[in-house]
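Take a look at the model below. We'll walk through a few of its helix contacts, then stop at some individual residues.

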Amino acid sequence: MRRLIVNADDFALTGGVNRAVQELHAQGVLTSATLMARAPATDQAIRQALETPSLGVGCHVVLVDGEPVLPPGEIRNLVDQQTGLFHSALGTFLRRVLSGSIHAAEVEAEAAAQIAVLQQRGLQLTHIDTHKHTHMFPAVLRPVLRAARAAGIRAVRNPFEPLWARRATPNAPFARSIQVALLRWLQPAFQRVVAEEGFTTPDGALGVLATGTLDATTINSLLKQMPPGTWELVTHPGYNDHDLAKVHTRLLGSRETERTSLEAIRQFPDLELISFADLPDVGNPRS
């Protein structure tokens with residue numbers, strides 16, 4: 001059986017991103033989205049999610065390039081002391097992770113606060129993931145999972161793209177290919193921590209290598225070669241409008257491309273499209 005979660009990241013980033021999520025779900029090609037607790041269009045995204053119970057909604061935990069929920073004084077090691085915001089560059093965040101400057105207690109507290117913002121508004125969260133996949137790193141993963149488990153969430157994105165999917169991704173930028181390949185060394189630790197913390201996760205993520213270049217050709221290539229199992233297609237659809245232009249993101253024109261290209265999923269009627277809510281309970285074998 002081939003099961004696919006089609007997830008849109010950055011739900012709440014702008015009204016145009018929210019519109020794309022709503023339209024793609026109505027078209028039957030998007031099953032899930034992860035919502036940012038502190039973003040320009042969070043209130044609108046929450047209203048849309050509450051009005052669309054068939055859409056699986058998770059928490060897109062932001063620890064880099066964004067605004068925290070907690071006061072900066074409570075998470076001093078996570079934020080830029082000059083701005084009170086998270087560090088804008090992923091490289092800066094990762095250097096701090098690798099040097100041991102990031103404190104697990106602060107990560108757990110901020111993740112818990114972001115989850116609470118959404119749950120207190122009435123959302124039944126299906127899972128968690130992180131902005132820019134920072135939960136790849138064990139120092140981030142374990143405290144994020146503990147915050148999620150305390151909130152009753154037991155599913156998390158598996159951010160690692162399998163070798164077959166990387167080979168099935170045409171026109172991937174060389175630098176990103178190297179980055180994705182090098183980060184594979186973190187996968188065994190990820191699987192161990194997820195099991196120890198009692199979480200369930202898909203078999204892997206598709207489209208991570210193609211972030212910024214995901215188009216209909218790539219979607220067709222990935223889905224033609226997708227083997228049996230449960231996989232997540234990671235997408236970033238949206239409208240490249242005035243609001244998006246004001247946001248710090250490298251994904252501008254590519255959001256339009258992804259939005260229009262997801263229609264290609266209709267060419268694979270044999271796929272069972274699911275959300276994270278359809279994953280088996282922890283400890284039970286996949287059907």
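Helix α4 passes helix α5 in a right-handed crossing, where right-handed means the near helix is turned clockwise from the far one by less than a right angle, and left-handed means anticlockwise. This is a predicted model, in which local features need pLDDT of at least 70 and side-chain atom pairs count only at pLDDT 80 or more, while totals for chains, interfaces and linings use all residues. Residues are numbered from 1 along each chain as its sequence is written, and side-chain values use heavy atoms, with hydrogens and water left out.

Two packed helices are described by the angle between their axes and the distance between the axes. For α4 (residues 104-119) and α5, the angle is about 40° and the axes are 8 Å apart. That makes α4 oblique to α5 (under 35 degrees is roughly parallel, over 145 roughly antiparallel, 65 to 115 roughly perpendicular, and the rest oblique). On the α4 side, the contact (heavy atoms within 4.5 Å) is made by Ala104, Val107, Glu108, Ala111, Ala112 and Ile115. On the α5 side you'll find Val140, Pro143, Val144, Arg146, Ala147 and Ala148. Sorted by class, that gives ten nonpolar, no polar and two charged residues.

Helix α5 (residues 138-150) also packs on α8 (residues 187-196), at an angle of about 20° and with the axes 10 Å apart. So these two are roughly parallel, and this crossing is right-handed as well. Here Pro138, Leu141, Arg142 and Leu145 of α5 meet Ala189, Phe190, Val193, Val194 and Glu196 of α8. The tally for this contact is seven nonpolar, no polar and two charged residues.

Next, find asparagine 220 in helix α9 (residues 216-225). Is asparagine 220 buried or exposed? Its relative accessibility is 15%, so asparagine 220 counts as buried (buried is under 20% relative accessible area, exposed over 50%, partly exposed in between, with a 1.4 Å probe and protein chains only). The side chain of asparagine 220 reaches the backbone oxygen of alanine 216 at 2.9 Å. Setting aside neighbours within four places in sequence, asparagine 220 touches Ala264, Gln267 and Phe268.

Aspartate 10, in strand β1 (residues 2-11), has a phi near 70°, a positive value in a residue other than glycine. Aspartate 10 is buried, at 3% relative accessible area. Lysine 132 isn't a glycine either, yet its phi is positive at about 65°. Lysine 132 sits in the loop between β4 (128-130) and α5, and is partly exposed at 36%.

How values were computed. Axes are lines fitted to C-alpha atoms, for helices over the stretch in contact, and angles run from 0 to 180 degrees between N-to-C directions. Helices (H or I, at least four residues) and strands (E, at least two) are DSSP runs, numbered from the N terminus. Ala, Val, Leu, Ile, Met, Phe, Trp, Tyr, Cys and Pro count as nonpolar, Asp, Glu, Lys and Arg as charged, and the others, Gly among them, as polar. A polar contact is a pair of N or O atoms within 3.5 Å; within protein, one must be able to donate a hydrogen and the other to accept it, and residues adjacent in sequence count only if both atoms are side-chain atoms.
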